[in-house]
Amino acid sequence: MKSAVITFPGSNCDRDMDVALKQFGFKNKMVWHNDVELPKTDLIVLPGGFSYGDYLRCGSMASKSKIMKSVINFANSGGMVMGICNGFQILVETGLVPGVLLRNKYLEFICKNVFVKIKNKKNIFFKNIDTDVLEFHIAHNEGNYFCTKDQLKEIEDNEQVAINYCDKNGKIEEQFNPNGSIKNIAGIFNKEKNVLGMMPHPERMIDNFLSGEDGSLFFNNLMNNLK
Amino acid sequence: MKISVIITLKKDVLDPQGKVIHQTLDGMGFNDVDEVRQGKYFEINTKENDPKKAKDKVEEMCKKLLANLVIENYKIIDAQ
């Protein structure tokens, strides 16, 4: 399976993602934001970081960069795209997934492990995964997911919520919501479920000595689903 | 020609920065304040000299980049 990670000026999780994808069998290529053409690939990842210094709104500049035209075409023709953290912010700015990510409710940069519950397994990202709750890492200042009431209804009707913040048993409650996100939403799909945006970093949970291994679960499962 | 744009958060969108500024003002003795909402201000110098055309262009910029219409409103305040 082939993957491509897009590097924007200010991306800083692109190499971590490269390591993670390769560790689980992907042939990964790094792609510069100023490139126009994508390599042949099965999966595109928009990595975390602070593209363009988070100027204007997080992800807004990156969403207009040259390569994004190709990424949008790739997604619209059914290609798999995953945006992590700043990558999620870029995805919402392109409109590929609905909503926006606001400043965290208590104005703090949050950097810690969280639990998320998988809300929808009827998609290529989470199909067959052998757990309902994953422990991932978050590190963000603008992860407070927001959308209009109409959008929320549409998102829920189309089962576009991917993961919610929860406790280790999978209980979704306000007290386990780190940043004020509507309905504890940590990640969402587009309508067709081939695009996933999420704030947590699975690529930071792939080494038992350094972290947990729930990221390994996620990537292994993703690889199996794509084979 | 110079055109100015003000971007504000929509009414229902939480503005924690505005809230903190409000609290700080309150602590400083400005107790009459009901609410503070923080926004953005842009000055755009353009080669276009026709005010109508310049305004239309800036409006397009607002829609495509300067504002996120899910959470923000824009107002083009003057053309000079």
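I began with a definition: helices (H or I, at least four residues) and strands (E, at least two) are DSSP runs, numbered from the N terminus. With that I looked up what follows α1(B): B:Gly29, with a positive phi near 105 degrees.

**Ground rules.** This is a predicted model, where local features need pLDDT of at least 70, side-chain atom pairs count only at pLDDT 80 or more, and totals for chains, interfaces and linings use all residues. Residues are numbered from 1 along each chain as its sequence is written, and chains are lettered from A and ligands numbered from 1 in the order in which they are written.

**Chain A, strands.** I took strand β1 (residues 2-7) of chain A first. I call a residue buried if 20 or more other C-beta atoms lie within 10 Å of its own, exposed if 12 or fewer, and partly exposed in between, with C-beta atoms placed from the backbone. Five of the six residues of β1(A) are buried, so the strand is largely enclosed by the rest of the structure.

Next I checked its partners. Two strands pair if DSSP finds at least two bridges between them. β1(A) runs parallel to strand β2 (residues 27-32) of chain A, with six bridges. In β2(A), A:Lys27 stands opposite A:Lys2. Three bridges join β1(A) to strand β3 (residues 43-46) of chain A, also parallel. There I found A:Ile44 as the bridge partner of A:Ala4.

**Chain B, helices.** Helix α1 (residues 16-27) of chain B has twelve residues, which should span 16 Å at 1.5 Å a residue. The expected span is 1.5 Å times one less than the number of residues. The end C-alpha atoms of α1(B) are 16 Å apart, which agrees.

I then asked which residues of α2(B) are buried. I noted B:Val58, B:Cys62 and B:Leu66. They cover an arc of only 50 degrees around the axis, which puts them on the same side of α2(B). The arc is that of the directions from the helix axis to the C-beta atoms. The face turned away from that buried side carries exposed residues, including B:Lys52 and B:Glu60.

**B:Thr8.** This residue lies in strand β1 (residues 2-9) of chain B. B:Thr8 counts as partly exposed because it has 18 C-beta neighbours inside 10 Å. Its C-alpha atom is separated by 6.4 Å from that of B:Tyr74, 66 residues apart along the chain.
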